[in-house]
Structure formats: structure tokens, C-alpha cells
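Thanks, everyone, for making the time this morning. I would like to walk you through one model, going slowly enough that you can follow along on the screen.

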Amino acid sequence: MIKQGFLLFAAVMLFLTSCKPTVSVTTLTGKWKYVKIEHPNASPPDTVKKAELDEAVPYIQFTPEMKFLIVWGGKFLSHGTFTLDGSNMNVTEKLPDGKTRNFVFTISELTENKIIFESTGPEGSKVTALRASKF
């Protein structure tokens with residue numbers, strides 16, 4: 001009976017861990033064009049309009065050196081470094097005044113050409129992006 005319980009537990013854990021995307025610097029490296037931005041924690045929840053995304057052409061770029069850069073409307077918006085912990089990306093954003101801000105992006109989907117990541121909290125957002133280029 002104990003052996004059957006352990007086997008069932010092991011099978012369930014294997015299933016749950018196989019549902020999370022494999023995240024590595026290699027799979028992230030490149031430029032990712034934002035195609036959808038949601039703000040699920042806003043009151044009321046909202047989504048950035050497609051026309052605004054088409055005009056601003058926002059993207060995030062990850063480098064092999066574990067750095068990131070976010071561009072919106074052709075202008076630099078944010079940059080910093082990141083580390084990986086399973087499906088979580090621990091981000092250290094460098095602010096204009098020389099200080100830093102730390103937060104976590106949770107990656108819920110990552111394929112060769114698509115990434116979905118989100119941040120939590122009242123200003124959290126969920127971003128869907130498509131690979132624009134690889135390094």
C-alpha cells in the first residue's frame with residue numbers, strides 16, 4: 001500500500017513539474033516583440049489596445065550575459081540583469097538615479113517562438129511576446 005502511494009505521488013510530481021516550461025539563458029536569448037499586454041490586477045482589469053502595440057512596437061531583449069533591455073516606441077524604457085530559478089526570472093532593474101529595483105517575472109509558457117511572462121502585485125502585467133530575432 002505504501003509503495004503504491006509513493007508511486008502515485010511520484011507520478012503526480014512528475015506530471016506537475018513537466019507542465020512548467022524549461023527556462024534557460026539559451027532559450028531566452030533574443031529579441032521578443034510584445035503582442036499582448038494584460039493588467040489582470042488593475043481595477044477593472046484591462047489590456048493594452050492592439051493599435052497602441054502596433055504603433056509603439058515594444059520588445060524585450062535578453063542577452064547571453066543575462067542582461068535585459070525593454071524598448072517602447074523606439075525609446076529605451078528599462079534595462080538590468082536577471083537570474084533564473086526554475087520558471088522564475090529574478091530581475092534587477094537599473095533605475096535612472098543609480099538605484100535598483102528587484103522583482104520577479106514568472107514564465108508560464110516558453111517555446112522556440114513564444115513567451116508568456118508576468119509580474120505580480122497591483123501594477124502587475126502579463127505579457128505575450130513572439131520571437132523577433134535570435135542572437
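Please keep in mind that this is a predicted model. Let me begin with Leu28, which, leaving aside residues up to four places away in sequence, touches Val23, Phe62, Phe82, Leu84, Met89, Ile107, Leu110, Ile115 and Arg131. Leu28 belongs to the largest nonpolar core, a set of 21 residues, and together with Ile60 it touches the most other members of that core. As for where those members come from, at least two residues each are supplied by strand 1 (30-39), strand 3 (59-62), strand 4 (67-72), strand 6 (88-94), strand 7 (100-110), strand 8 (114-118) and strand 9 (126-133).

Now to strand 6, which contributes to that core and which includes Met89, one of the residues that Leu28 touches. Which residues of strand 6 lie on its covered face, and which on its uncovered one? The covered face consists of Met89, Val91 and Glu93, while Asn88, Asn90, Thr92 and Lys94 make up the uncovered face.

Turning to the neighbours of strand 6, I will take strand 5, residues 75-85, to begin with; the two strands pair in the antiparallel sense over six bridges. The connection is a hairpin with two residues between the strands, and in its turn Gly86 has a positive phi of about 65 degrees.

With strand 7, strand 6 again runs antiparallel, and here seven bridges join them. Lys94, from the uncovered face, stands opposite Thr100 in strand 7. This pair also forms a hairpin, with five residues between the strands, and Gly98 in the turn has a positive phi of about 90 degrees.

Definitions and conventions: Residues are numbered from 1 along each chain as its sequence is written. This is a predicted model: local features need pLDDT of at least 70, side-chain atom pairs count only at pLDDT 80 or more; totals for chains, interfaces and linings use all residues. Side-chain values use heavy atoms; hydrogens and water are left out. A nonpolar core is a set of buried Ala, Val, Leu, Ile, Met, Phe, Trp, Tyr and Cys residues joined through side-chain atoms within 4.5 Å. Buried means under 20% relative accessible area, exposed over 50%, partly exposed in between (1.4 Å probe, protein chains only). Helices (H or I, at least four residues) and strands (E, at least two) are DSSP runs, numbered from the N terminus. Contact means heavy atoms within 4.5 Å. Two strands pair if DSSP finds at least two bridges between them.
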